Amino acid sequence: MKKGVIGKKDFNSWVETLKKEGEVFGPKERTDQCWFFDRVNNPAELRLDYTSTILPPKKFFVPPRNELLLEFNLKSGEGKAGKAAPDRELILLGIHGCDMQGLLRLDLCWKEGNPDSTYLAKRAKSTVIGVSCNPDEYCFCTKVESNDFRQGFDIFLSDIGQSWLAEAFTEKGEKLLALAKTTEGTLLDDEIAYKAKARCATTKGPEFLPKVVELPLLCIDGEDLPFWKEDVGQRCLACGTCTNVCPTCYCFDVEEEVDLNLTTGRRLRRWDSCQLEGFTEVAGGEKFMRDQPGRQKHRFYRKFRWLTTKYGGSAFCVGCGRCGRQCTAEISIPETANKLFLGVKAKG
Amino acid sequence: MAELAKSLYLPKSATIRKVIPMTESEKFYQLGFDDGSELGHQPGQFVEVSLYGVGECPISISSSPTAKGFDLCVRKVGRVTEAMHQLKEGSKVGIRGPFGKGFPAEALKGKDLLFIGGGIGMVPLRSFINYSIDRRKDYGRIILLYGSRTPKELFNFPEFEDWKAGKKDVELSLSVDRGDDKWKGNVGVITTLIPPLKLDLEKTFAIVCGPPIMYKFVLLALEGKNFKDDHIYLSLERRMKCGVGKCGHCQIHGYYCCQDGPVFHYPLIKNIKEAL
């Protein structure tokens with residue numbers, strides 16, 4: 001690992017050099033306290049002190065819509081796979097630990113069984129530079145054990161006041177860090193950096209009663225608890241926002257687009273949501289997830305039971321808090337987890 | 001990340017060699033790949049049929065892997081299948097697959113096979129029935145209970161007359177929910193065919209495929225016959241959009257129907273409420 005301290009006054013010129021190495025994207029502020037990941041044209045637009053963006057970084061690897069899977073020609077009847085990898089390296093600058101964990105969960109799912117080259121090619125051509133977080137009352141990454149400042153990152157930046165402490169964990173990261181004007185850090189810098197990293201733990205987030213390790217078991221024991229139907233299932237408006245903003249949700253639909261020449265066209269991928277009524281509907285009209293309580297439970301169980309047990313124990317919720325922040329009905333993962341926990345305990 | 005696989009979503013070109021109308025809403029297609037390769041499927045698996053400009057949908061493979069080419073039987077029920085019904089012999093379609101887990105043809109060697117098919121559920125069963133006929137020595141009795149709503153909706157597969165005549169050693173019982181003037185056979189739901197069966201329960205395995213509503217009643221009837229749970233296999237219908245375990249539409253709890261099914265061993269899904 002290589003380490004260096006980048007003075008904040010030198011930071012923007014480093015970002016300018018990064019732009020020569022690839023396409024740089026990072027957090028910007030749209031309106032007051034509303035952040036989003038976007039192309040960095042001018043480093044001064046970067047808001048590395050952000051809390052959370054509306055959409056997680058999954059949008060760079062699985063775009064919300066119009067992702068090219070195939071191109072076809074109706075006259076010749078031929079189809080060919082769309083080009084998966086971008087020409088230039090994608091440099092994501094300013095990713096929080098929870099979102100990195102989200103990407104690592106997605107890597108597992110897209111690689112498993114039948115590897116999805118459309119996703120993996122983009123991931124292979126990406127560099128992720130992390131940044132210490134500025135959490136709010138919705139964040140709960142520590143509760144779901146997703147506060148990692150190293151795993152998956154090429155570089156991690158910690159705010160140490162007048163400077164950033166940069167740690168490079170990969171060859172790619174070391175190469176990029178070498179482009180910055182750095183000074184050597186001290187042990188004191190490490191401790192100040194650690195404080196910045198640990199803000200996830202020291203900021204008061206929502207109460208989260210169960211331990212991650214017991215959640216799959218609570219899911220099994222709590223399948224028939226009345227709150228699924230009477231509470232969250234009743235309140236949910238079935239809008240699908242929670243799955244759109246989730247860093248680990250990746251269900252998709254595929255649609256066909258034919259050009260006006262009626263000859264060329266393409267097959268495109270777009271996000272879908274298990275919260276929408278027609279999600280499981282087959283051509284005969286049967287819907288296999290019949291009601292909203294079932295769909296709410298499906299989403300929660302995917303995060304804490306099925307994918308968790310399949311992939312060896314990590315929760316598939318990374319505690320970013322986005323679904324709770326955005327939900328019109330104010331349903332949140334910690335609230336649901338607590339109701340499940342208390343319900344199962346009360347059953348004895 | 002290591003070497004990347006080629007696209008999961010690119011279909012292979014196949015030509016429709018023959019179209020046989022089956023009923024008002026179903027047509028039977030014989031197809032073959034343009035590069036001369038065989039599908040190499042297991043009975044009970046499915047393919048994604050692709051019509052460029054229209055879309056893609058999952059269709060059960062109806063032929064035995066022992067035959068050349070492959071057969072699909074398609075009900076006109078959605079956008080892709082309606083477009084498919086317009087296609088003639090010589091038309092090209094795209095095929096991805098085969099996908100999923102089929103019937104356990106190896107594990108059931110030496111066993112008596114009780115096939116229970118309702119409506120279009122007969123289509124994937126035909127694959128395994130023809131397979132077991134072609135490997136007749138490998139299997140015991142071949143019993144088929146086949147039901148449809150009306151006599152007109154019974155499929156007239158090319159070999160069906162032989163089965164009816166008892167030529168292929170298939171013990172066939174038919175039933176329709178509502179008969180017509182010409183119908184002289186059983187009238188009633190398919191479960192009425194189960195109680196009279198004389199079976200060696202130690203040796204018999206039930207292989208069930210039909211519309212979602214049918215499973216509950218067939219399972220009750222099998223239970224009434226003292227059938228063991230682990231002697232039952234079911235082929236389930238779901239929205240298997242991608243076929244490769246990614247898109248999420250066919251998920252039954254932790255299972256992806258397109259990868260872990262569509263054929264399930266009953267004990268695996270017995271306690272999942274949404275499964276059946």
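Predicted model: local features only at pLDDT ≥ 70, side-chain atom pairs only at ≥ 80, totals over all residues.
Chain B is divided by the domain assignment into domain 1, covering residues 12-99, and domain 2, covering residues 112-235. The C-alpha centres of these two domains of chain B are separated by 24 Å. To the contact between them, domain 1 of chain B contributes 14 residues and domain 2 of chain B contributes 14 residues. On the side of domain 1 of chain B that touches domain 2 of chain B, seven residues are polar, five are nonpolar and two are charged.

The contact between the chains involves 36 residues of chain B and 38 residues of chain A. On the side of chain B that touches chain A, two or more residues are given by each of strand S4 (55-60) and strand S6 (92-99) of chain B. S4(B) supplies the largest share of this side, namely three residues. By residue type, the side of chain B that touches chain A comprises 14 nonpolar, 13 polar and nine charged residues.

Within chain A, helix H5 spans residues 187-197, and its buried residues are Ala193(A), Ala196(A) and Lys197(A). These residues lie on the same side of H5(A) because they cover an arc of only 95 degrees around the axis. On the face of H5(A) turned away from the buried side, the exposed residues are Leu187(A), Leu188(A) and Glu191(A).

Methods: Residues numbered from 1 in each chain as written. Chains lettered and ligands numbered in written order. Domains from an automatic or database assignment. Contact = placed C-beta atoms within 7 Å. Nonpolar A, V, L, I, M, F, W, Y, C, P; charged D, E, K, R; others polar. Buried ≥ 20, exposed ≤ 12 C-beta atoms within 10 Å, placed from the backbone. Helix = DSSP H or I, 4+ residues; strand = E, 2+ residues; numbered from the N terminus. Arc of directions from axis to C-beta.
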